[in-house]
Amino acid sequence: MDLLTKNMTNNLFRLLLTFGMLCLVSTSLLAQKKVIEVLGTVTDESGQAIENARIFSESNNAKSSTKGDGTFVINTDMNDVLLIESDGNESMIVNVSSLLGGSSILQMVGMPFGQTEQDVVQLPFGTLSKRQLVGPAYTFKSDEILEYDQRQGVEGFLSTRVPGLFGNIDNRGISQCLIVVDGIPRDADNINLQEVEEITYLADASNRLLYGTQANNGIILITTKRGHRFKERINVSVEQGFDIPISYPNFLNSYDYARMYNQASLNDGLSPRYDSATLVGYRDRTNSLLYPDQNYYDETFLRNFRPFSNVITEFSGGNKNASYYLNLGWRTTGSLITVGEGADIRSDRLNIRANVDFKVTEQIKMNVDVVAIFDRSHEPSPADGRDFWSDAARIRPNDYPMLIDTSDITLPNPGIITNYVEDGKILGGTSQFQQNIYGDLVSAGYSNPMHRTAQFNTGLDFDLKNILYGLSAKAYLSFDIYNYFRSAQENDYAVYEVIPNIGDTLRVKRINEDVFSGSQVIRNQTFKRKIGYFGTLNYNRTFGDDHILSAVALAYADRFMEEDEFYPELHLNFAMRANYMYKDKYILQLSSAVPGSPKLAPGNRFALSYSAGAAWVLSEEGFLSRSSVFNYLKLKASYSLVNTDEGLDDYFMYSNSYIEASDLYMYANQSYGNYPMLFDNFGNPLIGYEKRSESNVGMDASLMDYKLHFTANYFYSKSFDEVQNLDNLFPAYLGGFSINENYASYQDQGADFGIYYNGRAGEMKFNLGLNAIYSVPKVLIRDEPNYEEDYRKRVGKASDAIFGYVADGFFADADDIADSPAHTFGDVQPGDIKYLDLNDDNMIDEKDQKVIGNNGSRFQLGINLNLKYKNLEFFTQAICQSGGEELYNSEYYWIYGDRKYSELALNSWTQETAETADYPRLSTQNNSNNFRNSTFWLEDNDYFTLRAVQVSYNLPAAIMNGLPVSQLKFYLRAQNVFTLSPSKKQLELNEDSLPQFRSYSTGITLLF
């Protein structure tokens, strides 16, 4: 463990110890108060007992719940205050003094379904109840999920849990969602789920519109935890696990590589590179120095697993004047590599979050939030930015011997050896391969990348009810700093080339020198800042029993500055949202935003975005209010138009820019220089915002006494006026220039649905969730050449279409080539891929490309199942998708020239294997005919994956009595358990990077 890691660990321990002592002191002080036993009964408005109502005391953190007859007992101070909560009812606060003298009856007020405090949804710059929503919005409390699923990744949290998302955060197949953390767009990669209070996914624009130009895609709102009055707690989670690689690339050994390379040479009409003696040497491994055979994926370099640990602690509490929340998290991940600095590869991340809220006056509240994240790694430092995984996929097994035992060579001059990496061993290499993978790990030095993030948020909330009842305001300021640098020790090292000597002896030639730097250097320093601020004016008022009005008006701005960037990234918008509900069943919402963009010419920098939506709760109508089928049924519809500049990369598309070119011309037999000014950008001052119109029609329903919930939406999204460089607008004879213009248009339409069932069979409780989405994208308008063939046109096709050639097997022989259309991609031979002639011109060229697949899947289904029996809980999550394809065209699949050969080469085409071969003929040349995007390299991307399985056990309450711990849970979890797919091998393989993992972990959580 290096010094920085030790300091981080020690500091974390000191913080934990300090807060632990504070908690003990506070507990001791509370214990000195006189505790009495308080009795009560909780009922609903009709006098029926409420079971499992939750009771919290403010002064001593006591908790209780009601029994089946509605009674409860809680031990607390006579001057204490109690909070009582029950799903479906409005919470209530009562003074303990009012309950003395016997059991008191506390009557809770019921709330309509979808409008209780538990149904409040965090929205941009405000909240609404689920009943008030006119568009699809899905919200989750993280603590509810963490009861049975301890995974900490935030971005993957919603995947499979809500309809409308492809993968992790792809909104309806359109693009990646904007992630907003505590009101400001931010990166969420380094946030632990345990820091999060709730996550809300907004699919349509009816509410996300308030983020102006950034509202073009879906939004994921992340609200971090805050302290709460009545709910003081300490929570500790400790997890230990290990990652097991699922698969590694399978490259040929030296003997098979040499054999297949000789075959490639013969295919090209060349002499074999490797003679029979060399082949025998590789096969029999008679001399590892002359006939090296190195496998980089065996135990020489890799262990079977890498470990990881995760520790998170939470402290929260508060009273009527102030509240606090503190989260300390530490995650460390080890290494797969066993050699040199590679064995010390390590990643440590420390998260610190402190959120404080307090009263300034009775009308003013203030919050101060501080976040610090330190993400540090240790890794080898090879030259040229290479790493072990990319080199292992590139360097052939026979390129050089990895290590040379000096006892196997003649040393006429022992001084030639300047560094032994192991006892008596030196590094192999050649004049062509002057870096050695082993040398990179043991002799090249080390690198310590450091990412540091600091965030500061502060806000003031003003209660303006003295001016107008229901009126409030908020002012918010955030300041983020992102810093990255890499401290490194960079060494040079020598390699030694093996050279046959007189007789059977070998000698070596040294290449380069061993240079130990002995000092650190700082590399790749970057510094980024983000300032965000907004102000809101909110109005929330209930008039009588029938009218509820919620409205917000706001001004928002943020500014992102990056080192060495000429122009900062700016966002500015003014917006409003008004939501009106009548008789709990008719809802109308209007939203608008006026964004400003510095990317557009003056006069075009502001535009109006707007949204209108309505919802109707049919279950409140007389004809459905007593329905035996529907407990709740709501229809909803919305339409939005969003203006965005997110697709405009250039800040000065509206102005002309020029570059100075150089040219030479001849005059009087002499050469002269000419420096013409050429257009770099032909400015278009008429460029305006790109636009997206969205329509959504859906329904929400609850059935079977609220045990079954169903939601479904049909959506249609059209982006238009997208800026495109019109290369084909002007003919080449006019000078070949092009212009940017609001031109292209695309559409996405589809449907999503979710089904959730909460049931019970005896003492077994179970929750089942199914979420699905089907989406089809399409190109409506775009600039493209005037193709003669309709099948070549992009317009009218899927926007994620893959264009390529249709493979028709391999050429069998010379007669087959002569009888087939002429292939124009170089000379073809038997064993090369044959393509279909789509336009019947007896020639295979670029005119024979068509849609052969699509990159994005059309359908995705997520499955979540949770079973609970007494204190034992089981959770599993799966995901499946279909309707997409993948082109496999990396160096692992496209083998030619001097590339490293994968196992695919073993079944390549030859005259002898013509009937069984599934890979084209090998070639030492760049075979441009075979290695083109075509159906030959296309595979279905359909799969079913069991993503997670977790088993948890809560220690029984009877055992916990008398202990300072109120809840103690143990769990076991497996991730990426298995995958079923026709392309399983390809899907689970990373060819030149860290492998995919199957993870196993065990953990414990303690709640004090």
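Glu-37 sits in strand β1, residues 35-43. Strands (E, at least two residues) and helices (H or I, at least four) are DSSP runs numbered from the N terminus. This is a predicted model: local features need pLDDT of at least 70, side-chain atom pairs count only at pLDDT 80 or more, and totals for chains, interfaces and linings use all residues. Residues are numbered from 1 along each chain as its sequence is written, and side-chain values use heavy atoms, with hydrogens and water left out.

**Two residues and their surroundings**

- Glu-37 is exposed, at 55% relative accessible area. Exposed means over 50%, buried under 20%, and partly exposed in between (1.4 Å probe, protein chains only).
- Beyond its neighbours within four places in sequence, Glu-37 is in contact with Val-73, Ile-74 and Asn-75. Contact means heavy atoms within 4.5 Å.
- The C-alpha atoms of Glu-37 and Asn-75 are 4.5 Å apart, although 38 residues separate them along the chain.
- Ser-381 lies in the loop between β24 and α7. Ser-381 is buried because its relative accessibility is 8%.

**Salt bridges**

- Side chains of opposite charge can pair when their charged atoms come close.
- The structure holds 51 salt bridges. Each is a side-chain nitrogen of Lys or Arg within 4 Å of a carboxyl oxygen of Asp or Glu.
- Arg-54 and Asp-87 form one at 3.3 Å, N to O. This pair links distant parts of the chain, with Arg-54 in strand β2 (54-57) and Asp-87 in the loop between β5 (81-85) and β6 (89-90), 33 residues apart.
- Arg-54 is partly exposed at 27%, whereas Asp-87 is exposed at 56%.
- Arg-54 and Asp-87 also belong to a salt-bridge network with Glu-85 and Lys-231.
- Lys-225 pairs with Asp-143, with the closest N and O atoms 2.7 Å apart. Here too distant parts of the chain are linked: Lys-225 is in the loop between β19 and β20, Asp-143 in helix α2 (142-146), 82 residues apart.
- Lys-225 is buried at 3%, while Asp-143 is partly exposed at 31%.
- Lys-985 and Glu-903 meet at 2.8 Å, N to O.

**Surface patches**

- Patches are made of residues with over 30% relative accessible area and no salt bridge; like charges are joined within 9 Å, nonpolar side chains (Val, Leu, Ile, Met, Phe, Trp, Tyr) within 5 Å.
- Glu-379, Asp-387, Glu-891 and Asp-992 gather in a patch of negative charge. Asp and Glu count as negative, Lys and Arg as positive; His and the chain ends are not counted. A charge is placed at NZ of Lys, CZ of Arg, CG of Asp or CD of Glu.
- Asp-387 is in the loop between β24 (364-380) and α7 (388-392). Asp-387 is partly exposed at 36%.
- A nonpolar patch of about 630 Å² of accessible area includes Leu-572, Phe-574 and Tyr-639. Such areas come from the Shrake-Rupley method with a 1.4 Å probe; for residues, only the protein chains shown count as cover.
- Phe-574 lies in strand β33 (569-582) and is partly exposed at 41%.

**Positive phi**

- Most residues other than glycine have a negative phi.
- Phe-230 has a phi near 80°, and Phe-230 is buried at 4%.
- Asn-842 has a phi near 60°, and Asn-842 is exposed at 51%.
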